[in-house]
Each structure stands twice: as structure tokens, then as C-alpha cells.
Amino acid sequence: MKQIVIILFSAILVDNFVLSKFLGICPFLGVSKKLDSAIGMSIAVTFVMVLATATTWPVYYYVLVPNHLTYLNTILFILIIAALVQLVEIILKKYVPSLHRSLGVYLPLITTNCAVLGVTLLNIEETYGFLHAIINATGAGLGFMLAMVLFAGVRSKMENAVITKSFDGIPITLIAASIVSLAFMGFSGIIDGIFG
Amino acid sequence: MAIALPVIIVTVVGVFCGVLLSVADKYMAVPVDERVSEVRAMLPGANCGACGFAGCDEYAEKLVNEGVKTNLCTPGGAGTAQNISAFLGAEFEDVAAKTAIVCCAGTIQHTQYVMDYQGPQTCEACNYNYQGRGSCSHGCLGFGDCVIVCQYGAMEIVNGIAKVDKSRCTGCGMCAKVCPNALIKIVPASSEVFVACSSTDRGAFTRKVCSAGCIGCKRCEKACNFDAITITDNLASIDPEKCTNCGECVKVCPTKVIRVDQCQPQINVPDAG
């Protein structure tokens, strides 16, 4: 139980995918302008991360490992995730139209998101069991949401600030992102302090 | 032959995914109603939300599938409503033409700036940081957020406040949504008399900061023969349902904040075909 809490919180705070590992920067900068689209995108990412881990983990341990083909993991995972996201979209469209309407526009964006591929590969690297891998994926998704929501707040404040012409737009956004990322460095070591 | 197994595995997984997707696409396809896209093409495509739905796409879908009324699109007007009614065989009801009014009369002649504001030149930013640059915090900020958002060129800033060109206004309500002081209101186009003030401050204070503000004296309330005017929070408001545009209130108003704007809005002529 303690192990699960540690994995969950280190994935959210210490090893935050966006702010500490710098994965998934593209949606982080692209979709964080408005709070509701930031939340929609993060829910979709969390959803796909968990599903992707649930499919790739068995493929790795029951297909690749027995045949000594572990080097194939990256290419196979890309294949599986891409097909999985498309399949999920078709299923949602047919059976859960309301969920499809809220997540629909974000799902195709996630197909080739590096954060999703990253979480599946890191689960393998860390040699997590199935349950721990799922917990880690959930934590990574929630951490992504935390970063998106925080940054949407920062950006809404920037809308109403005077910004020098040369910094307007992307440059000031990147600077703000790096400051938020610096702030997250404060969490390093917190897990050892609390649970150690 | 060590290369055979990985090739087979990747091929099998790829083919499996492909087959799965094509099967899913075939058996779980959601039929797209062609009428939706045709109705969508008839709508103006402004995505303004005046109909109460998220955009033209959603309104078109609701029109076809749930039989919502065809007269909700004010920018499209009666012409669009008739076309859609004819296409869907639905009942036609006339569109209640609407128009925007600016409930502020605080031009630079009537009120003063209290600061030399140098920040971002938008109403939203000025209101967010300083509650406006003028002495009245309820008044028009005059940076023209409404001018930018209007797709029909119906708004302009004259003497420091927004002004509606009623001949161009379609009543879509985009300006009312962006105004940080919420002083742009959407009213039926037939109503000509309106209160050009949004200040809920007490009369004495309003008088100090603006010579054209509503001071809540209640003379209009007494003068109205149709109970159309009520004073709430030191501000007169006219109920367009009851108002007959008789002009009694205009005569008695001491600050001339109740005004008549008779310019008729654009008349949407239905297409002949």
C-alpha cells in the first residue's frame, strides 16, 4: 500500500512528466491557453496513458520477453498506442457520444504524444509490476493535469500584463514555463522526506 | 533465421491492429446525417452562440435531430429561418429581431479620466487592473473590445464610449459577452427607449462622477403609465415587454439618461427562392 502511494505521488510531483521530464511539451504549450480545454486535454491524456499501459505491459512481458526481443519495444509500442487511440475513438463515438464530444478533439492529438509513449517505456525501465505500472500511469496523467491547470492559470494572468514586443507570444510563454518548472524542482527529495 | 521472428511479430501486430480498426470502423460506424451538413451550410457560420447552442454545428444537429425551433438564429434572420423551415418541413415562425444597446452615456464631455492609463489597450485588462480609467467604475471603458469582436462592423468608439450602428447590428450578442462591465444589452429591435447608464452607485456619487448618469430619482417610474420602469439599486430599467415607446419618461428625466434611439435595425428580407 505504501509503495502505491509513493509511486503515485512521485509520478505527480517529483517526476512530473511535463515539468521534470519535459515530455508532452507540445500540448503543454499548445492547449494551455484556456482552463477548460487544458482540463479536457489532461483527462484525455490520463485516460489514454492508463489504457496504453494496460495493453503494452502484457505485450512486453508475454510476447517480447519470452522471445528475447525486448529491443522491439519502442516500435511495437508506437504501433499499439496509435491503433489503440483510434479504436478508443471509434468505440467512444458509437457508445458514449457525450464523452466523445468532450474528449473527441483531443484524442487524435494524443496518438503520437511522447508523454504517452514515455510512460509505457518508463514503466518497463523501472521494472514495475502490472498494478504498479497502472498506478504510475495514473500518476503521470494526474501530474500532466496539474501542470496544465497551473500553467493555464499563469497564462491567463499573462494575458493582462504589459509584455515587451520582443517577448510577446511564444518567448514569454517559454520563460514562464521554465519558471514553473524551476518551482517544481522544490519537490525533489520530498518523497524520501515523507515516506523514507 | 534470427531475423524471422521479430519480423513476424511486428507484422502480426501491425496486421492485427489494422484488421481490428477496419472491422471496428465498419461495424461501429455512426451514420452521418447528410441533412445536418446541408442545414449547417444554410446557417451564417458566425458561431456566435446567439441561438443558445455551442456553435452553428451543434445548432444544425439539434435542428435536424431534436426539432428545435428554426427561428433561434438572429444573425441569419427570417431568411435563414424560412430556408431551414422549408428544407426540414418544420413550422416557420418569424425571428424576433434583436439589437445591442450600450447602457452608458459617459462620453468625455460628461465624465473624466482619473488616470493616464498606459497598460494593455483592452477593456478587459484595464478593468482587471484598475476597474477602468474613468471616474465611474460602471461606465464604458472605451478601448473597443466590442469593436474587435463584432463581425458586422456595427460597433465603434465615439467620444470615448461604444456606439451601436443599429442598421448593421444583428443582435448576435458577441459584444455583450466580452464587455467586462456588462453594459451592452441585447433588446428587441422594436424598443426605442432605453436607459443609457449602468451605474448602481448612489445618486449623489453618480452625479459627482458623471453628468449623464442615472441618479435613481424615480421620476420616470412615476411618469410611466404602463408600469414598465422600475428602479433597482439606484438604476432605472425598462421592461421592453411593457414599454410602448411613448416617451413620457424621456421628458421627465433630469439627467437626460433615458434616451430614444429610433434608427431601425436591418430588415431581413426572406430570399425569394
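**Reading the patch and the ring pairs**

Trainee: Which element gives the most to the nonpolar patch?

Mentor: H3(A) does, with three residues. This is a predicted model: local features need pLDDT of at least 70, side-chain atom pairs count only at pLDDT 80 or more, and totals for chains, interfaces and linings use all residues. Residues are numbered from 1 along each chain as its sequence is written, and side-chain values use heavy atoms, without hydrogens and water.

Trainee: Which residues form the nonpolar patch on the surface?

Mentor: A:Leu35, A:Ile39, A:Ile43 and A:Val149, with about 290 Å² of accessible area together. A:Ile43 lies in helix H3 of chain A.

Trainee: Why is A:Ile43 called partly exposed?

Mentor: Buried means under 20% relative accessible area, exposed over 50%, partly exposed in between (1.4 Å probe, protein chains only). A:Ile43 has 39% relative accessibility, so A:Ile43 counts as partly exposed.

Trainee: What makes A:Phe184 and A:Phe187 an edge-to-face pair?

Mentor: Rings of Phe, Tyr and Trp (its six-membered ring) pair if their centres lie within 6.5 Å; planes under 30 degrees apart count as stacked, over 60 as edge-to-face and the rest as tilted. Here the values are 5.2 Å centre to centre and 65 degrees between the planes. A:Phe184 is buried, at 5%, and A:Phe187 is partly exposed, at 25%.

Trainee: Why are B:Phe53 and B:Tyr59 called stacked?

Mentor: Their planes are 20 degrees apart, and their centres 5.6 Å.

Trainee: Is B:Phe53 buried or partly exposed?

Mentor: B:Phe53 has 19% relative accessibility, so B:Phe53 counts as buried. B:Tyr59 is buried too, at 1%.

How values were computed: Chains lettered and ligands numbered in written order. Patch = residues over 30% accessible without salt bridge, like charges linked within 9 Å, V, L, I, M, F, W, Y side chains within 5 Å. Areas by Shrake-Rupley, 256 points an atom, 1.4 Å probe, with all protein chains shown as cover. Salt bridge = Lys/Arg side-chain N within 4 Å of Asp/Glu carboxyl O. Helix = DSSP H or I, 4+ residues; strand = E, 2+ residues; numbered from the N terminus.
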